[in-house]
Amino acid sequence: MSAPMLEIVGLTKTFPVRDGLGRSAGAVRAVDNVTFSIPRGQVYGLAGESGSGKSTIARMIMGLTPPTAGDILLDGENITGRTGTRAYGRKVQMVFQNPGSSLNPRRTVAQSIAVPLDAHGHPRRERAGRIAELLDMVQLPADFAERYPHELSGGQKQRVAIARALAVAPKLLVLDEPTSALDVSVQARVIDLLVDLGRQLDLTFLFISHDLSLMRNFAQQVGVLYLGQIVETGPTAEVFTDPQHDYTRLLLASVPVISAEEEAMRPKIPLIDGEIPTAEKLLALRQAAKP
Ligand SMILES: Nc1ncnc2c1ncn2[C@@H]1O[C@H](COP(=O)(O)OP(=O)(O)O)[C@@H](O)[C@H]1O
Ligand SMILES: [Mg+2]
């Protein structure tokens with residue numbers, strides 16, 4: 001048995017909360033004792049609405065913010081506290097939600113993709129060849145290398161961001177709402193591309209989205225995050241057909257239905273009592289209740 005590509009154990013992040021005058025007013029548990037693992041070559045879908053803690057989990061995995069508690073293991077190795085290092089950066093890369101702001105407007109596509117290549121000491125004379133190869137992988141024409149972000153559509157920019165993330169041949173890709181800024185038809189094509197790349201390159205994905213429906217044909221396992229906690233997790237098909245938690249049902253109820261067949265598969269279980277407050281509302285209530 002090989003170790004999972006990514007294993008997260010009891011990951012927790014609290015942020016200090018300040019009142020209107022900047023005085024300390026307690027703490028908010030943005031991520032609360034989160035545990036899950038992703039076997040090599042698989043896709044784990046992390047769903048939850050805005051404010052549920054998804055990006056904070058991604059940022060801790062990427063070493064962009066230190067965890068308050070918990071462990072992060074990559075390929076069996078505990079890398080908590082070392083996630084910002086170069087050796088780690090080679091294995092784990094991230095694609096952000098908004099390709100418009102994650103690509104430097106003054107850099108050509110080739111210059112953007114060259115950044116991680118240079119940072120990881122990729123030989124300069126092999127650079128142009130590698131960039132052409134990466135553009136081909138994300139199904140963009142070779143002459144896009146000389147274009148600037150403003151000359152690209154949203155979907156094309158996100159393909160460039162994916163090419164840049166793949167430049168140093170990572171093992172794990174963390175995708176934080178990679179398609180949320182895109183039209184539905186473009187979203188589907190980017191997901192198809194990710195599925196293909198995952199197979200070709202034996203990649204492992206952590207796919208984060210507020211949209212559970214995107215995970216149906218992509219993720220083997222899903223986790224539903226609510227107020228910083230995983231309230232439900234399991235094989236995607238099981239969670240879709242037999243959700244155990246009200247909040248999962250709520251997320252599934254808002255999944256758009258495409259065909260009569262899918263309508264038939266949709267869970268008919270009603271919510272227990274009415275409206276479920278949003279994560280942000282509940283966090284505000286929790287904070288207000290603190291002495
Ligand atoms: N740097 C920060 N300082 C204080 N609170 C933060 C910070 N980053 C995130 N939060 C809070 O943590 C919670 C989770 O945020 P986030 O991880 O961005 O959620 P999501 O990505 O699911 O929308 C939110 O209540 C947010 O306001
Ligand atoms: Mg987010």
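## Shell around ligand 1

Ligand 1 is surrounded by 12 residues, and the closest are F15, A30, K54, S55 and T56. A residue is near a molecule if its C-beta atom, placed from the backbone, lies within 6 Å of it. By class, the shell around ligand 1 holds 4 nonpolar, 7 polar and 1 charged residues. Ala, Val, Leu, Ile, Met, Phe, Trp, Tyr, Cys and Pro count as nonpolar; Asp, Glu, Lys and Arg count as charged; the others, Gly among them, count as polar.

Which elements supply at least two residues of this shell? Strand 2 (24-38) and helix 1 (54-61) each do. Helix 1 gives the most, with 3 residues. Helices (H or I, at least four residues) and strands (E, at least two) are DSSP runs, numbered from the N terminus.

## Model and numbering

This is a predicted model: local features need pLDDT of at least 70, side-chain atom pairs count only at pLDDT 80 or more, and totals for chains, interfaces and linings use all residues. Residues are numbered from 1 along each chain as its sequence is written, while chains are lettered from A and ligands numbered from 1 in the order in which they are written.

The chain has 11 helices and 10 strands. Of its 291 residues, 36% count as buried. Buried means that 20 or more other C-beta atoms lie within 10 Å of the residue's own; exposed means 12 or fewer, and partly exposed is in between, with C-beta atoms placed from the backbone. Take the contacts between residues at least 6 apart in sequence: 67% of them join residues at least 24 apart. Two residues are in contact if their C-beta atoms, placed from the backbone, lie within 7 Å.

Helix 1 is mostly covered, with 6 of its 8 residues buried. These are K54, T56, I57, A58, M60 and I61. G63 follows helix 1 and has a positive phi, near 75 degrees.

S24 belongs to strand 2. Is S24 buried or exposed? S24 counts as exposed because it has 9 C-beta neighbours inside 10 Å. Leaving aside neighbours within four places in sequence, S24 is in contact with P16 and R18.

## Helix 4 against helix 5

Two packed helices are described by the angle between their axes and the distance between the axes. The axes of helix 4 (residues 109-119) and helix 5 (residues 127-137) come within 10 Å and cross at roughly 110 degrees. That makes helix 4 roughly perpendicular to helix 5. Axes are lines fitted to C-alpha atoms, for helices over the stretch in contact, and angles run from 0 to 180 degrees between N-to-C directions. Angles under 35 degrees count as roughly parallel, over 145 as roughly antiparallel, 65 to 115 as roughly perpendicular and the rest as oblique.

Helix 4 passes helix 5 in a right-handed crossing. A crossing is right-handed if the near helix is turned clockwise from the far one by less than a right angle, and left-handed if anticlockwise. On the helix 4 side, A110, I113, A114 and L117 meet R127, R130, I131 and L134 of helix 5. This contact has 6 nonpolar, no polar and 2 charged residues.

## Helix 6 against helix 7

The axes of helix 6 (residues 154-166) and helix 7 come within 10 Å and cross at roughly 20 degrees. Helix 6 is therefore roughly parallel to helix 7. The crossing of helix 6 past helix 7 is right-handed. G154, G155 and Q158 of helix 6 make the contact with V186, R189 and V190 of helix 7. By class, this contact has 2 nonpolar, 3 polar and 1 charged residues.

A163 is also in helix 6. With 23 C-beta neighbours inside 10 Å, A163 counts as buried. Beyond its neighbours within four places in sequence, A163 is in contact with I113, L134, L135, M137 and V138. A163 and M137 are 26 residues apart along the chain, and their C-alpha atoms are separated by 7.4 Å.

## Positive phi in two loops

Most residues other than glycine have a negative phi. D202 has a positive phi, near 55 degrees. D202 lies in the loop between helix 7 (184-201) and strand 8 (204-209). D202 counts as exposed, with 11 C-beta neighbours inside 10 Å.

L227 also has a positive phi, of about 55 degrees, and is not a glycine. L227 is in the loop between strand 9 (221-226) and strand 10 (229-235). L227 is buried, with 23 other C-beta atoms within 10 Å.
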